[in-house]
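Subject: Structure handover

Hello,

Here is the structure I promised to pass on. Please open it before you read my notes below.

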Amino acid sequence: MKTIKGPAIFLAQFAGDAAPFNSFDAICGWAASLGYEGVQIPTWDGRLFDLVKASDSRTYCDEIKGIAADHGLVITELSTHLQGQLVAVHPAYDIAFDGFAAAEVRDNPKARTEWAVDQVKRALRASQHLGLNAHATFSGALAWPYIYPWPQRPAGLVEAAFDELAKRWTPLLDCAEENGVDICYEIHPGEDLHDGVSYEMFLERVRGHARANLLYDPSHFVLQQLDYLDYIDIYHQRIKAFHVKDAEFNPTGRQGVYGGFQSWVNRAGRFRSPGDGQVDFGGIFSRLATYDYDSWAVLEWECALKHPEDGAREGAEFIAGHIIRVTERAFDDFAGAGSDDAANRKMLGL
């Protein structure tokens with residue numbers, strides 16, 4: 001059995017223009033002071049990381065690793081959540097998602113897609129330079145506007161969307177294979193890969209690609225009312241990354257899963273700081289330990305109520321307290337009487 005690594009923290013929600021959140025060195029010092037042992041880097045934030053340089057230069061990657069190591073940290077994964085989103089964008093979301101892209105490709109969906117594909121490829125090369133074996137991202141979405149079957153979806157619409165999604169991602173998955181990196185899709189509402197069934201539809205179309213793996217985040221499953229523990233039983237062989245994020249779902253007579261277009265504070269389902277929501281993290285860490293998940297437990301802090309710095313401080317202790325140091329022997333070894341084949345046969349009357 002293997003012990004989960006951690007605690008680690010995803011830096012995306014904390015990066016900012018004020019110290020200590022405005023440089024990689026400073027934010028690493030802050031994270032280390034809270035007890036974190038690893039950091040997951042958002043590759044779109046130039047204040048922390050230069051993706052182009054990292055994809056072209058092992059020397060730069062060694063420098064980044066060195067900065068983290070100076071604070072007693074390791075880099076757990078790179079993230080292209082924003083760029084991965086842009087690999088596939090339905091026209092309904094063109095304006096909303098243009099802000100994720102470089103200025104020179106905005107208002108040009110074709111150029112934006114090409115830019116996003118290049119960004120993911122660069123992140124995979126950078127991951128290889130950094131010695132990483134997993135990469136966190138989103139799948140993007142073409143079918144998402146049709147998530148509810150009204151008006152009735154025409155036959156073949158969803159299939160065509162998933163065919164195209166697989167067509168766009170297959171070269172990226174092949175690139176991941178070339179670099180020895182697993183692409184870990186965060187299964188997330190707003191993405192075409194938003195639950196187990198949709199992931200399986202995609203996996204079938206990429207012919208079970210060995211690099212098409214999963215980032216497990218239970219918070220999104222609470223909001224969908226999906227069994228997030230059974231999900232581990234089903235997909236544990238594909239889970240290569242893990243976000244520790246809490247959530248709660250409190251339906252009323254006025255709203256349920258869809259949230260009634262309300263703000264996060266006023267939704268029936270909302271994200272919370274670890275320990276403040278309804279996620280059974282004891283069950284999750286036990287399941288992951290059972291299946292020998294030995295990668296990182298990474299705090300992704302999102303909460304509608306709590307201050308982020310409080311969430312980060314509490315999160316390190318929360319994760320550390322849930323990591324199970326797995327046993328090297330069975331608890332009842334003390335009662336073992338020893339045996340051999342002859343003795344076993346005798347006990348069976350053979």
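Is Val158 buried or exposed? Val158 is buried, with a relative accessible area of 18%. Here buried means under 20% relative accessible area, exposed means over 50%, and partly exposed is in between (1.4 Å probe, protein chains only).

Some ground rules come next. This is a predicted model, in which local features need pLDDT of at least 70 and side-chain atom pairs count only at pLDDT 80 or more, while totals for chains, interfaces and linings use all residues. Residues are numbered from 1 along each chain as its sequence is written, and side-chain values use heavy atoms, with hydrogens and water left out.

**Val158**

Val158 sits in helix 7. Helices (H or I, at least four residues) and strands (E, at least two) are DSSP runs, numbered from the N terminus. Setting aside neighbours within four places in sequence, Val158 is in contact with Arg153 and Met201. Contact means heavy atoms within 4.5 Å. Val120 is 38 residues from Val158 in sequence. In space the two are 25 Å apart, C-alpha to C-alpha.

Two strands pair if DSSP finds at least two bridges between them. Strands of a sheet pair through backbone hydrogen bonds, either parallel or antiparallel.

Start with strand 3 (residues 74-80). Six of its seven residues are buried. Strand 2 (residues 38-42) pairs with strand 3 in the parallel sense over five bridges. There, Gly38 stands opposite Val74. Strand 3 also pairs with strand 4 (residues 134-137), again in the parallel sense, over three bridges. Ser79 has Ala136 of strand 4 as its bridge partner.

**The cores**

A nonpolar core is a set of buried Ala, Val, Leu, Ile, Met, Phe, Trp, Tyr and Cys residues joined through side-chain atoms within 4.5 Å. The largest has 96 residues. Ile9, Phe24, Phe49, Ile75, Phe202 and Ile284 have the most contacts inside it. Helix 7 (residues 157-179) gives the most to this core, with ten residues. A second, separate core has five residues, including Ala134, Cys184, Leu215 and Ala241.

Which residues does Phe49 contact, leaving aside its neighbours within four places in sequence? They are Ile41, Pro42, Thr43, Ala54, Tyr60, Ile64, Leu78 and Leu130.

**Strands 8 and 9**

Strand 8 (246-249) and strand 9 (269-272) pair in the antiparallel sense over four bridges. Ala247 stands opposite Phe271. Asp246 and Glu248 point one way from strand 8, and Ala247 and Phe249 point the other way. All four are buried.

**The largest pocket**

The largest pocket has a volume of about 870 Å³. A pocket is an open set of points on a 1 Å grid over the protein atoms alone, where a 1.4 Å probe fits, with protein on both sides within 12 Å along at least five of seven lines. Grid points are joined across faces, edges and corners, and a volume is the space filled by probe spheres set on the points. Lining residues have an atom within 4 Å of a point.

The lining holds 34 residues. Trp144, His188, Pro189, Trp264 and Arg267 lie nearest the centre. Helix 4 (81-85), helix 9 (219-224) and strand 9 each supply at least two residues of the lining.

**Backbone details**

Two cis peptide bonds deserve a look. One joins Ala19 and Pro20, with omega about 5 degrees. Pro20 is in the loop between strand 1 and helix 1 (24-33). Another runs from Trp150 to Pro151, with omega near 0 degrees. Pro151 is in the loop between strand 4 and helix 7.

Phe261 has a positive phi, near 60 degrees, and is not glycine. Phe261 is in the loop between strand 8 and strand 9. At 86% relative accessibility, Phe261 counts as exposed. Asp292 also has a positive phi, near 65 degrees. Asp292 lies in the loop between helix 11 (281-290) and strand 10. Its relative accessible area is 33%, so Asp292 is partly exposed.

Best wishes
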